Amino acid sequence: MPDARAVPFRGGGFRPRGNRWAALILFAAILVLVEWGLRGGWISPLTLPLPSAVLATFGELWRTGALVDHMVPSLSRLAVGAVLGAGLGIAVGVAIGLFGLVRAGLIPLVAAIFPIPKIALLPLFVIWFGIGEASKWALIAFGTFTPTVVATYGAVDNVDRGLIRMGQSFGLRWWSIVSKIVLPGAMPGILSGLRVSLAIAIILLVAAEMLGAEYGIGAYILTAGSLYDLERLFAGVTILSILGVLVSAVIGWLEKRVLRWRT
Amino acid sequence: MDLTLRSITHRYGDTEVLRDVTIDVPSGRVVCIVGPSGCGKSTLLRIAGGLERAGGGQVLQRGHPPDGCLNPLTYVFQDFALLPWRSVAGNVELVLEDHPLSAAERQATVADVLARTRLDGFRDALPRQLSGGMKQRVAIARALAVRPAVMLMDEPLSALDAQTRELLMDDLVGLWTRQPFTALYVTHNLSEAVRLGHRVVVLSRRPGRVREVVDLDVPLPDRHDAHPDLVRARDHLWSAIRAEAAAADAELQDA
């Protein structure tokens, strides 16, 4: 055939694909760069600690058992607060999705509460719940509550109406329709809402520990900050980051298990 | 049990959708409703099963549902309406779980209907793993599981390709032949109507009225596309519906 040309391929791109090593390599590269910069003197030691020194602090934390002393109260505060806030949030979100009156009453209220920086209410929580654990739980619970509510009622709204109608047409009980059709159908949306809520819970954990906490990651970071002890500060911050990655991994694992029915 | 729709009228806001529709569905028969798009056939079916309230008229159940009937009026939906998070067997079980049945009875019913729809080997498959035709067979199995008095079928084959549709029509004929069921079957496909219907009711375009009722005497198992009576019936139905369909089409374009 004269004049035959191959058709050029032009369908590529726009499909970002993962690479399991990319994140690790980038992370390591940043650390090496900082270490090199500090030792070489072209980064001022006032601005950043030596990554190797942070690692050493970490090791010391581990050896002296201080790591456990700080982690246990923090994790229990996070767990209690997040379970309270997310649990209540899911319940209220489902109620908003199901009942017209609840919806009409609560959506504006939630919208009004959502943008309040919860940290600003900290003194109020201390008066309501005292200086002990309760005020810290309340702060974390309050902060996780609103985003969970919003994600949950959105997810309930998005459940396929055809499936609900099917349930009604077979005469299923109200509670069966809710537990077997509405809740599983809303689960993807609820879980992706939890990702956001739990990250907020970690942020609020540090804020909660600003007040009257002797032990806890937040207390540790704040003490280090006020002493301008950069190594300790960064060791604490690293723990928070690891916590965030862990929480995200747990939700990813949950999604894989619970949402096996999606592709 | 017979189902009678008596003088059904309905409107959505200012639009009159159905006007004085009376249809009788005798026990053991398949009554097909055909009509141009937007003639209110699906609305009529939703009214027939109590999923929508009619503006006027009555839906009456006459006689008693058969023994062991769990849900007298049972739908088969065009989009299958299967729960994607439940397996084939789980989707069938769903509609049995609210009834006082022992686990053994429930399992027996599931096994029975899956066998009748030739789905034995797919008990544990998830809906996303199934083709459209298989999904609709699961939905039909689910409907059979509650031993309905009347099946309300809303364009059950319209979401399927032509070959699958043929196969499923054979399945439905087979199911009916082995154990006659009563059905009100809505479709826009005339071939389907003359293959499956003992009676075909033609609705006019909006507002839907009964325009014509055609009874077909050929036994279901003897029907095939080239059967002279059926060809004649299909041509007759098409001539009845053609002008309406054209007008309905133009109407939609104006809207």
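How many aromatic pairs does the structure hold over all chains? The structure holds nine, where rings of Phe, Tyr and Trp (its six-membered ring) pair if their centres lie within 6.5 Å, with planes under 30 degrees apart called stacked, over 60 edge-to-face and the rest tilted.

Some ground rules before you click: this is a predicted model, in which local features need pLDDT of at least 70 and side-chain atom pairs count only at pLDDT 80 or more, while totals for chains, interfaces and linings use all residues. Residues are numbered from 1 along each chain as its sequence is written, chains are lettered from A and ligands numbered from 1 in the order in which they are written, and side-chain values use heavy atoms, with hydrogens and water left out.

**Stop one: rings in chain A**

Select Phe125(A) and Phe129(A). Their ring centres are 5.9 Å apart with the planes at 25°, so this pair is stacked. Both sit in helix α5 (residues 122-129) of chain A, four residues apart, about one turn of the helix; helices here are DSSP runs (H or I, at least four residues) and strands are too (E, at least two), numbered from the N terminus. Phe125(A) is buried at 6% relative accessible area, and Phe129(A) is partly exposed at 40%. The cut-offs: buried is under 20%, exposed over 50%, partly exposed in between (1.4 Å probe, protein chains only).

Phe125(A) and Phe142(A) pair edge-to-face, 5.7 Å centre to centre and 75° between the planes. This pair links distant parts of the chain, with Phe142(A) in helix α6 (residues 133-157), 17 residues from Phe125(A).

**Stop two: a residue in helix α2 of chain B**

Jump to Asn91(B), in helix α2 (residues 88-94) of chain B. Buried or exposed? Asn91(B) counts as buried, because its relative accessibility is 1%. Its contacts (heavy atoms within 4.5 Å), leaving out residues up to four places away in sequence, include Leu82(B), Pro127(B) and Arg142(B).

**Stop three: a loop in chain B**

Finish at Arg147(B), in the loop between α4 (132-145) and β6 (150-154). Arg147(B) counts as partly exposed at 43% relative accessibility. Show its neighbours beyond four places in sequence: Pro66(B), Asp67(B), Gly68(B), Cys69(B) and Leu70(B).
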